[in-house]
Amino acid sequence: IAKKTLVFALIPKNKKMEHLTQLQRCEISCKLQVGFSKTQIAKYLKVDRSTIHRELKRNSNQKTGAYD
């Protein structure tokens, strides 16, 4: 008898993906200025740390690396 393998989605059904709000972006900027790590910011905002990394990568100044 052949065994059937079920494939599950990588994102849990109860997990809702949303954009960061302007307030969250301001919090990221403030926390970076006072020395918080990206992981600490993610925990503070209750988002995955990859969200913070992507936000900084996409929206930092390409020349200076600054996130405003």
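## Helix H1 against helix H2

Axes here are lines fitted to C-alpha atoms, for helices over the stretch in contact, and angles run from 0 to 180 degrees between N-to-C directions. In this predicted model, the axes of H1 and H2 cross at roughly 145° and come within 10 Å. The crossing of H1 past H2 is right-handed.

Eight residues can be named by helix. H1 brings Gln24, Glu27, Ile28, Lys31 and Leu32 to the contact, and H2 brings Ile41, Tyr44 and Leu45. By type, the residues of this contact are five nonpolar, two charged and one polar.

## The buried face of H2

Helix H2 covers residues 38–45. Its buried residues are Ile41, Ala42 and Leu45. Viewed down the axis of H2, they fall within an arc of 100°, so they line one face of the helix.

What do the buried residues of H2 pack against? They pack against two helices: H1, residues 22–33, and H3, residues 49–59.

## The whole protein

The protein has three helices and zero strands. Along the sequence, the pattern reads α-α-α. The protein has 68 residues, and 21% of them are buried.

Among contacts with a separation of 6 or more, 36% join residues 24 or more positions apart. The protein exposes about 6500 Å². Carbon and sulfur atoms supply 54% of that area.

Methods:
Residues numbered from 1 in each chain as written. Predicted model: local features only at pLDDT ≥ 70, side-chain atom pairs only at ≥ 80, totals over all residues. Heavy atoms only, no water. Helix = DSSP H or I, 4+ residues; strand = E, 2+ residues; numbered from the N terminus. Buried < 20%, exposed > 50% of the residue type's maximum accessible area, 1.4 Å probe, protein only. Contact = heavy atoms within 4.5 Å. Areas by Shrake-Rupley, 256 points an atom, 1.4 Å probe, with all protein chains shown as cover. Arc of directions from axis to C-beta. Left-handed = near helix turned anticlockwise from the far one by under 90°. Nonpolar A, V, L, I, M, F, W, Y, C, P; charged D, E, K, R; others polar.
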